[in-house]
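Q: Please take me through the labels used for this model. I want each value set against its cut-off.

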Amino acid sequence: MAGPAPQGLHHVTAIAGDPQSNVDFYTRVLGLRLVKRTVNFDAPDTYHLYYGDAEGTPSSLLTFFPWRGVPAGRQGSGLTTATAFGVPPESLGWWQRRLAELGVDHDDPRTRDGEEVLTLRDPDGLVIDLVAAPGDTRSGWDGAAHVPAEHAVRGLHAVTVSESVPERTVELFTGLLGMTPAGEDGGRARFAMGGGGTGAVVDVAADRRAAGLQAGGTVHHIAFRVPDRAAQEVWRAELVEAGLHVTEILDRQYFTSIYFREPGGVLLEIATDEPGFAVDEPLLELGRALKLPPWLEPSRAEIEASLPTLRVDA
Ligand code: ZN
């Protein structure tokens, strides 16, 4: 029985090294908003930093666990090997000049799957694609200090999942997860959630390389969105019935989550749109203070002492 289909991407979470370099890159270079400064709920002596649009809208979010001194990961099969953001089509040239001026590691724009793609790598080597996305009506974050609103990154566009045996992953995506095929181009196939389009597609790439190593500069997991907890409960029941190992519903403060692995090993999450990032601080103040969930608040002094100082000016 088919349940409610996923609505699109909710967020992508990756592993970084130095938290200050991470904040500087995503707020100053890419012009995203730091929408939450909290800790990894499963390892509270490290930050969990969330970047997105003005309100931290689901499908605008890229988040990081920064571990200073983390060893570098290695790209390969069984990993999410690229995270794509949409930008206005006429802004790609502006971004290319900006990256060159700032000395950011990037490639020349190219056409892939009928899209113009500008690939860059963040300070830890994480692969980010900026994709010219016509018709993207999202506004992104218009308050960035160094990126004019007209060129602002609009939000997540797609992710690339690399697989040594893509068929197994495709079977899960098009079967249980209800995605629909949306094009194919030389070893890459695109799958759409809901109505598809920007923020609601996943690319599965055939990858003959050895298994990748998940560490610094690689994606930890990708999350798909459902509106609320009721939809999430239906999902969880269906995944369990299909024989997948699924976690309990976990309270992530800004959404609730379940996690499971696809057959190639990529960790997937299903996260709710509710309640969002304004649940514990006003929208105008997002990201300025360290926020902790109620169950960690008693340990605040100890947690703060274990975290490096962060300067955020954008
Ligand atoms: Zn997550």
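A: Start with donors: these are N, O and S atoms within 2.8 Å of the metal (3.2 Å for Na, K and Ca), and since water is not among the atoms, sites may look incomplete. The model is predicted, local features need pLDDT of at least 70, side-chain atom pairs count only at pLDDT 80 or more, and totals for chains, interfaces and linings use all residues. Residues are numbered from 1 along each chain as its sequence is written, and side-chain values use heavy atoms, with hydrogens and water left out.

Q: What makes H11, H221 and E269 donors of the zinc ion?
A: H11 (NE2), H221 (NE2) and E269 (OE) lie 1.9 to 2.0 Å from the zinc ion. The cut-off is 2.8 Å, so they count as donors. Their sequence spacing is H-x209-H-x47-E.

Q: Why is Q253 called buried, but D113 partly exposed?
A: Buried means under 20% relative accessible area, exposed over 50%, and partly exposed in between (1.4 Å probe, protein chains only). Q253 has 15%, so it is buried. D113 has 23%, so it is partly exposed.

Q: How do you know that the peptide bond from E274 to P275 is cis?
A: Its omega is near 0°. Most peptide bonds are trans.
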